[in-house]
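The exercises below are to be worked with the sequence and the 3D view side by side. Try each task before reading its solution.

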Amino acid sequence: MSEKSLTTPPPIQWDAFVSKEIFEKFCQDNLGPEDSRLRSWDSCYLFFQKHFDEFANGSASEDLLHHAEAELGFYLASFGMYRSTSALFQRNHTIFRPIILDLFKTASEVGIRPLSDNNEIIPADKIEDLIQVLDEHFHLLITYKKTLYTKILMGVFGCLPAFDSNLSQAVQDFKDVKPKNKCIEKLNTGLKEGPKAWVDFASDTRVQEFFNKDMRPAFLAEPEKKYPIMRVIDLYFWSQQAGKQK
């Protein structure tokens, strides 16, 4: 074994970015209220996880499909996807039905299942299959596709951070204050390289140790359940930008 392979990866200096204490306070302040805007994600994610099999096997009722359209639409509106300048602003909730059906059809075909563990991560190649589905539906309609696609994937499957401008800036800030290591250097918000980079980052034991069960918010509706790691990472980077704006 070479000397290089025995080198211990440099520690991730979390306190130089957002410390555990600051992040915990951010979560308490922004996720504590039941009517918090950020809790729209909880409602959307838990709904699709609860009814995963019905959508995946094509047995969802008409009422459930109506609920799914509204759930996804309201979550996206809460997270800025219905601004008056967006293409979605000119559409109603029914645009989401064929997208939801095709996403779950593909999820079933490639073996994606509801997340059963806080640290479970959907493989990058399967995330790329889901992105392809979204592109088939939206590529002629949407110009801000990486933000919309990843917000949908976060809300439905909890498998990627949302690749918006806040995350892009936070990633750059993160790289500026960190010692060089591969899992940080490769972080980006591109639809081609991004999925694998974030899967690798979330799979790193140093990252998982930081985002341990005590660090994670719980769902208000189901307090025995903790957030999946990709959502916690998404919030962590978002909290850095929120802190800069104060």
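**Exercise 1.** Leaving aside its neighbours within four places in sequence, with which residues is glutamine 49 in contact?

*Solution.* The model is a predicted one, in which local features need pLDDT of at least 70 and side-chain atom pairs count only at pLDDT 80 or more, while totals for chains, interfaces and linings use all residues. Residues are numbered from 1 along each chain as its sequence is written, and side-chain values use heavy atoms, with hydrogens and water left out. Begin with the term: a contact means heavy atoms within 4.5 Å. When neighbours within four places in sequence are left aside, glutamine 49 is in contact with Pro114, Leu115, Val156 and Phe157.

**Exercise 2.** Which residues does threonine 147 touch, not counting residues up to four places away in sequence?

*Solution.* Start from the position of threonine 147, which is in helix α7 (residues 145-157). Threonine 147 is buried, with a relative accessible area of 14%. Not counting residues up to four places away in sequence, threonine 147 touches Met81, Phe163 and Asp164. As a further step, compare sequence with space: threonine 147 and alanine 162 are 15 residues apart in sequence, and their C-alpha atoms are 6.2 Å apart.

**Exercise 3.** Why is the pair of phenylalanine 48 and phenylalanine 104 called stacked?

*Solution.* A pair of aromatic rings is described by the distance of the centres and the angle of the planes. Rings of Phe, Tyr and Trp (its six-membered ring) pair if their centres lie within 6.5 Å, and planes under 30 degrees apart count as stacked, over 60 as edge-to-face and the rest as tilted. By this rule there are 35 aromatic pairs. For phenylalanine 48 and phenylalanine 104, the ring centres are 5.9 Å apart and the planes stand at 25 degrees, so the pair is stacked. Phenylalanine 48 lies in helix α2 (residues 39-50) and phenylalanine 104 in helix α5 (residues 96-110), so the pair ties together parts that are 56 residues apart in sequence.

**Exercise 4.** Which residues touch the most other members of the largest nonpolar core?

*Solution.* A nonpolar core is a set of buried Ala, Val, Leu, Ile, Met, Phe, Trp, Tyr and Cys residues joined through side-chain atoms within 4.5 Å. The largest such core holds 82 residues, of which Phe157, Trp198, Phe201, Phe211 and Phe237 touch the most other members. Helix α12 (residues 229-244) gives the largest share of this core, eight residues. To follow one of these members, take phenylalanine 157: leaving aside neighbours within four places in sequence, its contacts include Tyr45, Gln49, Phe104 and Ile152.

**Exercise 5.** How many helices and strands does the chain have?

*Solution.* The chain has twelve helices and zero strands. Of its 246 residues, 50% are buried. Among contacts between residues at least 6 apart in sequence, 70% join residues at least 24 apart.

Key
Helices (H or I, at least four residues) and strands (E, at least two) are DSSP runs, numbered from the N terminus. Buried means under 20% relative accessible area, exposed over 50%, partly exposed in between (1.4 Å probe, protein chains only).
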